[in-house]
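Please examine the structure shown below and then read the briefing that follows.

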Amino acid sequence: MEQFEAFIGDVSSFVWGPPLLILLVGTGLYLTIRLGFLQFRMLPYSLKLAFSKKQDKKSEGDISHFQALMTALAATVGTGNIVGVATAVLMGGPGAVFWMWVTALVGMATKYSEAILAVKYRVKDKNGEMSGGPMYYLEHGLKQKWLGVLFAIFGAVAAFGIGNMVQSNSVSGVMKATFSVPTFVTGIIITIFTALVILGGIKSIGRVTAYFVPIMALFYLIAGLIVLIMNANLVPDAIGLIFTDAFTGEAVAGGALGSVIRWGVARGVFSNEAGLGSAPIAAAAAKTDYPGRQALVSMTQVFIDTILICSITGITIVMGDLYTSGAEGNALTSVTFEQFLGPAGSIIVAIGMLFFAYSTILGWSYYGEKCFSYLFSESVVKYYRYAFVLAVFLGSITTIDIVWGIADVMNGLMAFPNLIGLIGLSGVVVAETKRFLAVVKEEKKQEKEGSAS
């Protein structure tokens with residue numbers, strides 16, 4: 001068994017190695033250029049769309065723009081925002097935060113493209129619900145169903161590991177370490193709350209995440225901003241170190257520039273999932289009149305996840321200067337917040353971990369469900385939901401390294417068929433974008449004329 005675990009570890013290192021990271025960033029850069037740097041030009045409008053009180057209720061779809069965004073954010077705002085950022089700084093140094101930002105900025109174009117294709121090629125299933133994502137645009141757009149099947153297999157396995165058992169295990173561990181709550185008690189509570197939400201399907205998930213995710217994100221952002229404001233004198237030096245170390249790699253003993261870039265890119269992708277193909281599954285469920293409209297909303301997910309939330313963690317850790325102390329992952333974030341806020345700091349990180357991990361379970365339950373229904377038809381959905389709920393409890397009480405390793409590999413493998421689809425269908429993305437931008441231009445013209453009269 002130990003040899004098999006070592007083998008899976010080697011496979012995981014290979015899958016998440018330089019070739020995939022270069023392909024992910026390269027695809028994002030290629031799409032950025034083809035779209036004329038759309039993510040920068042349209043970001044204010046995208047944020048306005050995402051958080052507007054006026055949501056599209058007439059178009060086809062199951063949930064609103066905002067609910068689709070919150071479902072996708074629920075899945076991505078997880079342990080990566082706390083543990084992942086800390087690992088990036090530990091392994092790559094402060095400069096890794098800069099490369100997380102770079103990955104996010106080009107990843108916004110990737111996320112936009114994934115969403116536009118997900119909505120364009122979505123289908124209505126036998127239950128009258130929308131189904132979409134990489135498996136559908138690979139089959140109906142690229143005409144390569146075998147790639148769609150591969151993606152669905154990888155996504156179905158990853159949902160039970162990265163999106164489920166890894167998260168519930170992290171929560172039970174943190175709750176035991178911080179509040180001395182037995183793991184099985186945490187497991188029972190998380191399992192019950194998960195069942196109450198996901199057994200109701202995407203409409204139930206959408207309603208809960210639309211309420212829950214903004215609260216949890218604001219909680220962590222406000223806590224982080226309090227640290228930054230209270231220690232404003234340390235912020236300029238921390239940001240300066242992030243930028244200088246990004247091109248030197250000298251801040252960590254034995255550090256190298258390649259290591260800084262690799263860890264920054266890897267953890268950036270792990271956090272926002274741009275290019276992995278998970279988030280467009282939620283985007284496909286949105287009520288929207290044009291694929292481009294939901295795509296702009298989906299694009300903001302990367303901005304919120306990495307540019308805002310991960311930055312809070314990263315800058316705080318660099319300010320604390322404890323990344324060479326020997327603390328690891330979650331412990332590093334916890335002791336850093338404790339350094340600035342006292343005992344309340346570790347409690348804030350523990351609560352953040354609880355919220356983030358639980359939200360990831362909700363988001364990934366839907367991704368896994370759609371992958372399973374693509375492979376086996378809608379008839380398996382109710383059995384899948386029962387199995388997913390059971391896995392939450394099992395993950396909270398046991399450490400199954402082999403399951404984590406396999407799920408990590410599958411999570412990375414999802415990207416390959418998805419990126420092939422994005423590159424192959426980039427012409428469709430550009431055409432749909434031009435069509436929608438013409439609509440936006442006309443809408444703004446009418447709005448201006450209406451206000452003038």
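**Briefing: helices, cores and salt bridges**

The axes of helix α8 (residues 134-141) and helix α9 (residues 145-179) approach within 7 Å and cross at roughly 170°. Here, axes are lines fitted to C-alpha atoms, for helices over the stretch in contact, and angles run from 0 to 180 degrees between N-to-C directions. Helices (H or I, at least four residues) and strands (E, at least two) are DSSP runs, numbered from the N terminus. This is a predicted model, in which local features need pLDDT of at least 70 and side-chain atom pairs count only at pLDDT 80 or more, while totals for chains, interfaces and linings use all residues. Residues are numbered from 1 along each chain as its sequence is written, and side-chain values use heavy atoms, with hydrogens and water left out.

**The pair α8 and α9**

- The crossing angle of roughly 170° makes α8 roughly antiparallel to α9; angles under 35 degrees count as roughly parallel, over 145 as roughly antiparallel, 65 to 115 as roughly perpendicular and the rest as oblique.
- From α8, the residues P134, M135, L138 and E139 meet K145, L147, G148 and F151 of α9, where contact means heavy atoms within 4.5 Å.
- The residues of this contact between α8 and α9 comprise five nonpolar, one polar and two charged. Ala, Val, Leu, Ile, Met, Phe, Trp, Tyr, Cys and Pro count as nonpolar, Asp, Glu, Lys and Arg as charged, and the others, Gly among them, as polar.

**Nonpolar cores**

- The largest nonpolar core has 132 residues, and those with the most contacts inside it are Y112, L117, L296, I309, M319 and Y367. Such a core is a set of buried Ala, Val, Leu, Ile, Met, Phe, Trp, Tyr and Cys residues joined through side-chain atoms within 4.5 Å.
- Buried means under 20% relative accessible area, exposed over 50%, and partly exposed in between (1.4 Å probe, protein chains only).
- Apart from neighbours within four places in sequence, L117 is in contact with Y137, G421, L422, L425, V428 and V429.
- A second, separate core of five residues includes V85, A96, M100 and C310.

**Salt bridges**

- The structure holds six salt bridges, each being a side-chain nitrogen of Lys or Arg within 4 Å of a carboxyl oxygen of Asp or Glu.
- One of them joins the side chains of K370 and D125 (3.5 Å, N to O). K370 lies in helix α17 (residues 343-376) and D125 in the loop between β1 (123-124) and β2 (130-131), so this pair ties together parts that are 245 residues apart in sequence. Both K370 and D125 are buried.
- R293 forms a salt bridge with D289, with the closest N and O atoms 2.8 Å apart. D289 is partly exposed, at a relative accessible area of 40%, whereas R293 counts as buried at 8% relative accessibility.
- R293 also forms a salt bridge with E443, the closest N and O atoms being 2.8 Å apart. This pair links distant parts of the chain, with E443 in helix α21 (residues 426-452) and R293 in helix α15 (residues 291-320), 150 residues apart. E443 counts as partly exposed, at 30% relative accessibility.
- A network of salt bridges links K120, E432 and R435.

**Individual residues in helices**

- Q67 belongs to helix α5 (residues 65-76) and is buried, with a relative accessible area of 18%. Leaving aside neighbours within four places in sequence, Q67 is in contact with G206, R207, T209 and A210.
- S172 lies in helix α9 and is buried, with a relative accessible area of 1%. Not counting residues up to four places away in sequence, S172 touches T183, T186 and S396. The C-alpha atoms of S172 and Y211 are separated by 24 Å, with the two residues 39 apart along the chain.
- I361 is found in helix α17 and counts as buried at 0% relative accessibility. I361 and V392 are 31 residues apart in sequence and 8.2 Å apart in space, C-alpha to C-alpha. Not counting residues up to four places away in sequence, I361 touches G163, N164, Q167, S168, I190, T194, F388 and V392.
- A344 also lies in helix α17, but A344 is partly exposed, with a relative accessible area of 38%. The C-alpha atoms of A344 and S334, 10 residues apart along the chain, are separated by 9.8 Å.
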